[in-house]
Amino acid sequence: MKVKTIDGSEIDLKQEILESLKLRLKGPVLTSGDIGFEESRTVWNGMIDKKPAIVVRCLGTADVIACVQFVREHNLLLCIKGGGHNIAGLAVADGALMLDMSLMRGVIVDPQRKIAHAQVGCLLSDVDRETQIYGLAAVLGFVSTTGIVGLTLGGGFGYLTRRWGWTSDNVTGMNVVTADARLVQASSDENPELFWGLRGGGGNFGIVTSIDYRLYPVGPEIVGGMVAWHASEAPKVLELYRKLAEQAPPELTLVALMRPAPPAPWLPKDIHGKPIVGLLACYSGSPDEGDKAVAPIKAFGNPVGDVLIRRPYIQMQTLIDTANPKGRRYYWKSEYLPSIEPALCEKIIEHAAKIPSPHSAIILFQLEGALNHFKEDHSPAGNRDARFVLNIPGSWEKADDDKQNTDWVREAWDDMKSFSTGGNYINFQTEDEGHGRIEAALGKGLQRLSEIKAKWDPQNVLRMNRNIKPA
Ligand SMILES: Cc1cc2nc3c(=O)[nH]c(=O)nc-3n(C[C@H](O)[C@H](O)[C@H](O)COP(=O)(O)OP(=O)(O)OC[C@H]3O[C@@H](n4cnc5c(N)ncnc54)[C@H](O)[C@@H]3O)c2cc1C
């Protein structure tokens, strides 16, 4: 079997050597044609079509250690799949040995210490489900099918970020298999420099096998959901968004979006496919306060749909899952914003009117709050001046439509990127974004990250990521 080496050449791996790998493992080893191979090799973004030579579905840390030893013995290219949601498809590489972590989905909650210990194959929904038993929640993202590991290693933000910071600001420890196959712990007490690097610097420094999250009392009931209006009301609705966002307490996170209306049951049939503007809100504090906080949204203008109601937090966490199915073609551009300028709102309306696909959108996520109060070097996720995220998610179905859709995203981004802080979210970067964008995302932390890389992975074994070269 042909397998890629770390230096880009190819070797012929003999069958008996592959068999020797199987003997060292508890989890299954898959190659092309095996049941489950296609599911493992495909990722969320249908634009990515890569084929590893060998997939190992790890069942535990011992499997990870055995694979790293094997890869080092044979000089093989390694890639790692957590939830497979990275838009650039960083989880998968042609000809590589892939660690598929999706069988490692255990979560143990310590309600007294308010810590969740989660294995790295977990999706966000796994952690939410187990923590909500105790009325607790970790700071995670907006789409429950996303993997915890990629999200956390790149920073992470969601409905609780305004209260408690980036996801990575709320990690208390990680178990890590190093590039030379040792198991170590990373926390503020053990290997603190490695711990610093992992909280935003990606999977550059080791293979994380579990993550400990600090938990907070949230739910089980919150006030959340969406109100939508005809796009003709967008100037007034975006102005409302600007005003409400300025005064919103940290418990309230507001997201504004423009897109063609999806065929959702809460929207009337005659609006499906027509342009709408929406406000998505989540008040994660007491429902009584939440009702008051969202009242101005519910009372505004003439909505075409309103599902902003009291609901379980766990349901809120899945609310926009269906808008982001695995396998569609996706291309995004995004920037951090210091504020929402009226001139930006005008551009959003202008570019939303040209959306070529029924699935694409322009979105503003509110971040402002706790993350701005940490020092810039608290973690490499940095960007402590970010108050909003502008995201332009292109989403469509046919390869023939790639150019039209990527052109729309790029044109909208070109026209709006002057509103940026200069920073961007590393986890939203597409395949075609180069080193300059990594520099913009990681800012001043990059030199320190290169030094951590030199110590923990001098041979750059872990290179299928937003790669940081060893200093
Ligand atoms: C629909 C959708 C919604 C999203 N929503 C949000 C959101 O609300 N908030 C937010 O912050 N982000 C969000 N993201 C971005 C998300 O954080 C990134 O896509 C992230 O990379 C996904 O993590 P994953 O584990 O699924 O990724 P994967 O594609 O599996 O992996 C991503 C990277 O992590 C590395 N990696 C995987 N496992 C390990 C490991 N065990 N050790 C070391 N490195 C590893 C891989 O090598 C790869 O480089 C969203 C993405 C999508 C597609």
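These legends describe close-up views of charged residues in a predicted model.

The model is predicted, so local features need pLDDT of at least 70 and side-chain atom pairs count only at pLDDT 80 or more, while totals for chains, interfaces and linings use all residues. Residues are numbered from 1 along each chain as its sequence is written, and side-chain values use heavy atoms, with hydrogens and water left out.

**View 1. Arg41 and Glu38 pair within helix α2.**
The two residues form a salt bridge (a side-chain nitrogen of Lys or Arg within 4 Å of a carboxyl oxygen of Asp or Glu). Their closest N and O atoms are 3.1 Å apart. Both sit in helix α2, residues 37-41. Helices (H or I, at least four residues) and strands (E, at least two) are DSSP runs, numbered from the N terminus. Arg41 is buried, at 12% relative accessibility. Glu38 is partly exposed, at 43%. Buried means under 20% relative accessible area, exposed over 50%, and partly exposed in between (1.4 Å probe, protein chains only).

**View 2. Lys50 forms a salt bridge with Glu431.**
The closest N and O atoms of this pair are 3.1 Å apart. Lys50 lies in the loop between α2 and β4 (54-57), and Glu431 in the loop between α13 (402-416) and α14 (435-442), so the pair ties together parts that are 381 residues apart in sequence. Lys50 is partly exposed, with 22% relative accessibility.

**View 3. Lys347 forms a salt bridge with Asp415.**
Here the closest N and O atoms lie 3.4 Å apart. Lys347 belongs to helix α11 (residues 342-352) and Asp415 to helix α13, so the bridge ties together parts that are 68 residues apart in sequence. Lys347 is partly exposed, at 23% relative accessibility. Asp415 is partly exposed too, with a relative accessible area of 25%.

**View 4. Salt bridges with shared partners build one network.**
The members are Lys333, Glu335, Arg410, Asp432, Glu433 and Arg437. The structure as a whole holds 32 salt bridges.

**View 5. Lys453 is a buried residue of helix α15.**
The helix covers residues 446-456. Lys453 has 0% relative accessibility and counts as buried. Contact means heavy atoms within 4.5 Å. Leaving aside neighbours within four places in sequence, Lys453 is in contact with Asn204, Phe205, Pro458, Asn460, Leu462, Asn467, Ile468, Lys469 and Pro470.
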